[in-house]
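Visitor: Hi, I'm new to this one. Please show me around.

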Amino acid sequence: MPVELSGHAVRAHFLEGDPMTDTLTSTPVVRLPGAAAEARVRADDRGHVFHSWSAQALIDPLPIAGGEGAAFWDYEGNSYLDFSSQLVNLNLGHQHPDLVEAIQRQAGRLATIQPSMANDVRGELARRIADVSPEGFEKVFFTNGGADANENAVRMARLVTRRRKVLSAYRSYHGNTTTAISLTGDPRRWPNEPGDGSVAHFFGPYAYRSAFHSSSPEEETQRALEHLEQTIVLEGASTIAAIILETIVGTNGVLVPPPGYLAGVRMLCDKYGIVWIADEVMVGFGRVGEWFAFQAFGPAPDLITFAKGVNSGYVPLGGVVISDRIAAHFDTVSFPGGLTYSGHPLACAAGVATFEVFERDGILERVRDLGARVVEPALRRMAERHPSVGDVRGLGLFWAIELVRDRETREPLVPFNASGTDAAPVAALAAACKREGVWPFTHFNRVHVAPPLVIAEDDLVRGLDVIDRALDVADAAAA
Ligand SMILES: Cc1ncc(COP(=O)(O)O)c(C=O)c1O
């Protein structure tokens, strides 16, 4: 039974050889019988696919048969509302017809062309990105994803400043290539050390668990900036090329910067001649109701890195938006970096379509509205009802519910970096969500709420209700 969702139909999923017609090409697509197809997918995966961040023998990836809008489904007929937008990249949802069509059309015209040639969709996407960036940002360097965007932003900062060191926050993730994983503060860095030796970490603001014992957001801002300045001075200001910050820390907690913090970072960077790199890989392109999240806070950085939401990950794409001052350095000096697939036409065509959909469907306004009118009040109610909820925070369609054993002591429901039995209460909560058809994003002692930006309002409400009920599991574990 098709269901209306944000202007395009969601097909009821097809099982057991149900022939279906592809809506764009009118070609009948016959699927393998569900059980046989599932067995094949599982066998090929277990036999041959080496998965990210995993002990290979200890995982059991769910075979996925399809997806549409805010939902995806397995081969057994279980459908899930995707409350994590895959890896917080699927901003326009599964199988958005405009994006699919743009990729198909581009594949029929010119499927690929090397980066040193000029190409229409590559140029158009770069121009559109520059148009929504602050004044003084005209150039875009395209990469394959977020890690290499950060890697190349750091390279630019190092070349322009002729300095080497980079500062980043402990609570951060910046990607999995050598410099990006060294910049990363979270435990994914540990087994990759030593990496890029010219990185030092500092504490960013986190009002709920202040590293500075502050008692208000204003105090948190002031003390976090004092700490950052001390770090700069003690690390040697003249050695520091860049400070990289996730504008809103993503996987490590949905940490929204308190008022004045980013303005203070801007001032410190200006004072010491340091390049500010805003990592917008997770929060850019509408996640918090802005093209770039820093636009909700005022000051502009020197380099902006992006990926994920630029085309919802339909074809891998990332990049660096470069301020004119930095871009000018490379007017007559060659930039020593490049990638075979930089500005891939299929990826860029999906990016151009993303802009068209955002503008036509008012996606930014929608996200701001749903965040303020639906998500925030629902989470505040959950915080009142559930003793295990210590804090809720976020913006737009990007929120975290932080779980504790005790609201007074704020002891986390599960320890930092918990796994196995230590992480059982959060695993049980996730399982409760899945049983009711919601695929949640959980990390350490938190549940994040990050659905596709096109989610229908009643689906959003339904998913939040499921999380609300699943929090009973956390309450029981905390008691
Ligand atoms: C803030 C941030 N930066 C960088 C990355 C790395 O992006 P990618 O996985 O595309 O390399 C991620 C990925 O989750 C991210 O969340």
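**A first look around**

Visitor: Let's start with Val-88. Buried or exposed?

Guide: Val-88 counts as buried, because its relative accessibility is 2%. Buried means under 20% relative accessible area, exposed means over 50%, and partly exposed is in between (1.4 Å probe, protein chains only). Bear in mind that this is a predicted model, where local features need pLDDT of at least 70, side-chain atom pairs count only at pLDDT 80 or more, and totals for chains, interfaces and linings use all residues. Residues are numbered from 1 along each chain as its sequence is written, and side-chain values use heavy atoms, leaving out hydrogens and water.

Visitor: Where does Val-88 lie?

Guide: In helix H2, residues 85-88. Helices (H or I, at least four residues) and strands (E, at least two) are DSSP runs, numbered from the N terminus. The phi of Val-88 is near 50°, a positive value in a residue other than glycine.

Visitor: OK, new topic. How many residues are in the largest nonpolar core?

Guide: It has 95 residues, and those with the most contacts inside it are Ile-129, Ile-232, Phe-292 and Leu-464. A nonpolar core is a set of buried Ala, Val, Leu, Ile, Met, Phe, Trp, Tyr and Cys residues joined through side-chain atoms within 4.5 Å. Apart from that core lies another, of 22 residues, with Phe-141 and Leu-183 among them.

Visitor: And what does Phe-292 touch?

Guide: Leaving aside residues up to four places away in sequence, its contacts (heavy atoms within 4.5 Å) include Ile-129, Glu-280, Phe-285 and Phe-306. Phe-292 also belongs to an aromatic cluster, along with Phe-142, Phe-285, Trp-291, Phe-294, Phe-306, Phe-355 and Phe-358.

Visitor: How many aromatic pairs does a search of the whole structure find?

Guide: The search finds 16. Rings of Phe, Tyr and Trp (its six-membered ring) pair if their centres lie within 6.5 Å; planes under 30 degrees apart count as stacked, over 60 as edge-to-face and the rest as tilted. One of the pairs is Tyr-80 with Trp-439, which is edge-to-face, at 5.1 Å centre to centre and 80° between the planes.

Visitor: Which parts does that pair tie together?

Guide: Tyr-80 lies in strand E7 (residues 79-82) and Trp-439 in strand E17 (residues 438-439), so the pair ties together parts that are 359 residues apart in sequence. Tyr-80 is buried at 9% relative accessibility, while Trp-439 is partly exposed at 23%.

Visitor: What lies over the face of Trp-439?

Guide: Lys-434 does, at 4.1 Å from the ring centre. A charge sits over a ring if NZ of Lys or CZ of Arg is within 6 Å of the ring centre and within 35 degrees of the ring normal. Arg-188 lies over the face of Trp-53 too, at 5.5 Å from the ring centre.

Visitor: Now helices. Which residues of H3 are buried?

Guide: Leu-99, Val-100, Ala-102, Ile-103 and Gln-106. They fall within an arc of 160° seen down the axis of H3, so they line one face of the helix; the arc is that of the directions from the helix axis to the C-beta atoms. Their cover includes helix H4 (120-132) and helix H10 (345-361).

Visitor: Last one: which peptide bond is cis, with omega about -5°?

Guide: The one joining Glu-193 and Pro-194. Pro-194 is in the loop between helix H6 (178-183) and E10.
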